[in-house]
Amino acid sequence: MTPDWTEDQPIYRQLKDKVVSAIMEGSLREGEALPSVRNVAVDMQINPITASKAYQELVMDGLVEKKRGLGMFVIEGARSKLMEAERDRFLNEEWPRVVETIRRLGLDTKELLKNSTTN
């Protein structure tokens with residue numbers, strides 16, 4: 001993870017999103033420990049309270065658990081939970097817009113599928 005922050009969201013939310021992406025991509029595996037709040041704060045050049053807030057949101061979302069004295073760990077099933085939520089979001093939010101764009105542009109679905117396999 002890199003400390004490349006944007007102005008459009010609070011940093012704790014961006015950090016949370018980075019951890020979620022790492023879980024979905026498999027670079028943070030189920031059962032694996034997250035870096036400590038202190039290490040994240042130093043590495044990402046942020047306040048430890050900001051890192052802690054991001055981690056707490058991950059706990060509240062049921063993706064991470066805190067093991068007293070050991071740290072934070074990715075919960076079993078976190079990746080599949082995230083993948084299912086992302087699929088639902090795509091099908092309910094993005095896909096209808098894509099379909100509307102295809103319709104509006106008069107694109108042929110066979111041509112689109114052919115182009116998608118050659119690129």
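Predicted model: local features only at pLDDT ≥ 70, side-chain atom pairs only at ≥ 80, totals over all residues.
Colleague: What share of the residues counts as buried?
Modeller: 24% of the 119 residues of the chain. The cut-off is under 20% relative accessible area.

Colleague: Which elements does the chain hold, and in what order?
Modeller: From the N terminus they run α-α-α-β-β-α-α. That is 5 helices and 2 strands.

Colleague: How do you know that the chain is more spread out than a compact globule?
Modeller: The rule gives 14 Å for 119 residues, and the chain has 19 Å. That is well over the rule, so the chain counts as more spread out than a compact globule. The box is there too: along the principal axes, the C-alpha atoms fill roughly 60 × 30 × 25 Å.

Colleague: Among contacts between residues at least 6 apart in sequence, what share joins residues at least 24 apart?
Modeller: 52% of them.

Colleague: How far apart are the mean positions of the positive and negative charges?
Modeller: They are 2 Å apart. The chain has 18 positive and 20 negative charges.

Colleague: How many aromatic pairs does a search of the whole structure find?
Modeller: The search finds 1. The partners are F90 and W95.

Colleague: What makes F90 and W95 a pair, and why is the pair called tilted?
Modeller: Two tests. The ring centres lie 6.1 Å apart, and the limit is within 6.5 Å, so they pair. The planes make 40 degrees. Stacked needs under 30 and edge-to-face needs over 60, so this pair falls to tilted.

Colleague: Why is K16 called buried?
Modeller: K16 has 8% relative accessibility, which is under 20%, so K16 counts as buried. K16 lies in helix α1, residues 11-25. Beyond its neighbours within four places in sequence, K16 is in contact with A54, E57, L58 and D61.

Colleague: What makes L28 buried?
Modeller: L28 also comes in at 8%, and the cut-off is under 20%, so L28 is buried. L28 sits in the loop between α1 and α2. With residues up to four places away left out, L28 touches V19, A22, I23, A33, L34 and V74. V74 is 46 residues from L28 along the chain, yet their C-alpha atoms are separated by 7.6 Å.

Colleague: How do you know that A78 is buried?
Modeller: The relative accessible area of A78 is 1%, which is under 20%, so the call is buried. A78 belongs to helix α4. A78 and G31 are 47 residues apart in sequence and 9.5 Å apart in space, C-alpha to C-alpha.

Colleague: Why is I75 called partly exposed?
Modeller: I75 has 24% relative accessible area, which lies between 20% and 50%, so I75 counts as partly exposed. I75 is in the loop between β2 (71-74) and α4 (78-105). Its contacts, neighbours within four places aside, are E30, G62, L63, V64 and E65. K53 is 22 residues from I75 in sequence and 18 Å away in space, C-alpha to C-alpha.

Colleague: What makes Q45 exposed?
Modeller: Q45 has a relative accessible area of 66%, which is over 50%, so Q45 is exposed. Q45 is found in the loop between α2 (37-44) and α3 (48-60).

Colleague: What is phi of Q45?
Modeller: Phi is near 55 degrees. That is a positive value in a residue other than glycine.

Terms used:
Residues numbered from 1 in each chain as written. Heavy atoms only, no water. Helix = DSSP H or I, 4+ residues; strand = E, 2+ residues; numbered from the N terminus. Rg over C-alpha atoms; globule rule 2.2 N^0.38 Å. Buried < 20%, exposed > 50% of the residue type's maximum accessible area, 1.4 Å probe, protein only. Contact = heavy atoms within 4.5 Å. Lys, Arg positive; Asp, Glu negative; His and termini not counted. Charge placed at Lys NZ, Arg CZ, Asp CG, Glu CD. Phe/Tyr/Trp six-rings, centres within 6.5 Å; stacked < 30°, edge-to-face > 60°.
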